Amino acid sequence: MCIRDRIVSFFFQAEDGIRDFCLSRGLGDVYKRQLYLENGKTGDDYMQKAQKFAAQIPYMAIAGNHEIFRNYTYLNLRFKMPLYDQFQNVYYSFNLGLVHYVCFNIQYFHQVFEAREGILSWLREDLQRANSNESRSQRPWIVAIAHKPFFTSLKAPKADTHTDYGNFTQIEDLYLEFSVDMYLSGHVHFYERMLPVFRNQSRGYEDFNQTYIIKNAQATVHIIDGISGTDHEITQELDKSEWNEYTAAMSSKFGFGIVDAINKTHLKFSQTLSQNFTQEDSFYLVKDEGHRFSQANTGKTTFAVSYTHL
């Protein structure tokens, strides 16, 4: 188990990697992205394999693009997340230790235009409550989770993020307004950790001569973790010259992420290899109590950093 004396850990996966942790979290595209195959038997097979831990610990799911078959029926028959009776897994949030997690179906937001206003309204209300002084005093960290990333170093046609990005700027505005500390996504089949970024441009943080301690960030840190177990189109390593300027680490090795809320001023993220459970990458988000993002668009910042090709 991963509950430790001083922290509550949060494990998340994209695709079909299965590990025995205290809270498992799927980022969409569950079980080789084919819950619906053979009239749902593939999904049943996945649930049988996951039963060992899913019957004992919370398993929190959010839809990806491959769950859309029959309007997310095969996902919704198996998973009923918080607020299901109201929102049918489109969005929900929960508190765990020092972190407020907000989860939403970004694929639904992208494809169903008439749903956007409702999703944005719910996100605004949820994040506004989570960002209040009272809530932040109890849970100073906010982590958002959805399937698709806003940014990636991988360019089209291998990734559709760049063509989708214009649809996500309204969500990104909410992240900035309410100081969302971290955004976790999947979809792209590799691991990519970014420095604070807004509008596809890097934004500052204190002591930015390194990438492993990010203090008082001025924008959300984005992490893509789509490499936990998929057997589909594994993305090959990119040369550093192809990386976005705000990318701090990248890998195509199977792995999974863990969020450790150490205390009210320190949050650790680590990427662990599935093969041998060794830590491949990690960094700390550090902030002064009461820190919020500056709402001014400071634009591009030049980072004097040493990037990591894992």
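Biologist: Where does Phe277 sit?
Modeller: Phe277 is in the loop between strand 15 (266-273) and strand 16 (279-286). Keep in mind that this is a predicted model.

Biologist: Buried or exposed, or in between?
Modeller: Phe277 is partly exposed, because its relative accessible area is 49% and exposed means over 50%.

Biologist: What about its phi?
Modeller: Phi of Phe277 is positive, about 60°. Yet Phe277 is not a glycine.

Biologist: Which loop holds Ser179?
Modeller: Ser179 is in the loop between helix 9 (169-177) and strand 7 (182-185). Its phi is positive too, near 55°, and Ser179 is a residue other than glycine.

Biologist: Why does Ser179 count as buried?
Modeller: Ser179 has 2% relative accessibility. Buried means under 20%, so Ser179 counts as buried.

Biologist: Switching to Ser251. Which strand is that in?
Modeller: Ser251 is in strand 13 (residues 247-251). It is buried, with a relative accessible area of 0%.

Biologist: What does the side chain of Ser251 contact?
Modeller: The side chain of Glu280. The two are joined by a polar contact of 2.7 Å.

Biologist: New topic, cavities. How many are there of 30 Å³ or more?
Modeller: Three. The largest cavity has a volume of about 60 Å³.

Biologist: Which residues line the largest cavity?
Modeller: Among them are Trp141, Asp181, Ile214, Leu285, Lys287 and Phe293.

Biologist: And how does that lining divide by residue type?
Modeller: The lining has seven nonpolar, two polar and two charged residues.

Conventions. Residues are numbered from 1 along each chain as its sequence is written. This is a predicted model: local features need pLDDT of at least 70, side-chain atom pairs count only at pLDDT 80 or more; totals for chains, interfaces and linings use all residues. Side-chain values use heavy atoms; hydrogens and water are left out. Helices (H or I, at least four residues) and strands (E, at least two) are DSSP runs, numbered from the N terminus. Buried means under 20% relative accessible area, exposed over 50%, partly exposed in between (1.4 Å probe, protein chains only). A polar contact is a pair of N or O atoms within 3.5 Å; within protein, one must be able to donate a hydrogen and the other to accept it, and residues adjacent in sequence count only if both atoms are side-chain atoms. On a 1 Å grid over the protein atoms alone, a cavity is a set of points where a 1.4 Å probe fits but cannot get out, and a pocket is an open set with protein on both sides within 12 Å along at least five of seven lines; lining residues have an atom within 4 Å of a point. Grid points are joined across faces, edges and corners, and a volume is the space filled by probe spheres set on the points. Ala, Val, Leu, Ile, Met, Phe, Trp, Tyr, Cys and Pro count as nonpolar, Asp, Glu, Lys and Arg as charged, and the others, Gly among them, as polar.
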